[in-house]
Amino acid sequence: TTLFRSKPKITVNKLKRGDILILACDGLKDFVLEAQIVQMIIKYTLDTKKDDLSSILVEKALSQMNERENDNVTVVAIEVS
């Protein structure tokens, strides 16, 4: 038998104070376009009341699913200080 091994894509970026790092499963990008995610993050950074960004992104993905779709959506947002 042949074993299939996936090769991860590794990207290295230096983070700076104020950067927001999003760790998410594919359930987020399966239902929300990358441009929409970026716009939601920009809106979050301009918002003075600072709701939970992870919850906002998860809720958006879940709202895009129809009743026949069932996928997990996990998001962790980390703001560098």
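**View 1. Strand E1 in the lining of the largest pocket.** E1 supplies 5 residues, the largest share of the lining of the largest pocket. The model is predicted, with local features needing pLDDT of at least 70 and side-chain atom pairs counted only at pLDDT 80 or more, while totals for chains, interfaces and linings use all residues. Residues are numbered from 1 along each chain as its sequence is written, and side-chain values use heavy atoms, without hydrogens and water. At least two lining residues each come from strand E1 (20–24), helix H1 (26–31) and helix H2 (34–46); helices (H or I, at least four residues) and strands (E, at least two) are DSSP runs numbered from the N terminus.

**View 2. Centre of the largest pocket.** The volume of the largest pocket is about 420 Å³. Of its 15 lining residues, Ile-22, Leu-23, Lys-29, Ile-37 and Ile-41 are the closest to the centre. A pocket is an open set of points on a 1 Å grid over the protein atoms alone, where a 1.4 Å probe fits, with protein on both sides within 12 Å along at least five of seven lines; lining residues have an atom within 4 Å of a point. The volume is the space filled by probe spheres set on the points, which are joined across faces, edges and corners.

**View 3. Leu-23 of strand E1.** Leu-23 lies in E1 and is partly exposed, with a relative accessible area of 46% (partly exposed falls between buried, under 20%, and exposed, over 50%, with a 1.4 Å probe and protein chains only).

**View 4. Val-75 of strand E2.** Val-75 belongs to E2 (residues 75–79) and is buried, at 10% relative accessible area. Its C-alpha atom is separated by 19 Å from that of Ile-10, 65 residues apart along the chain.
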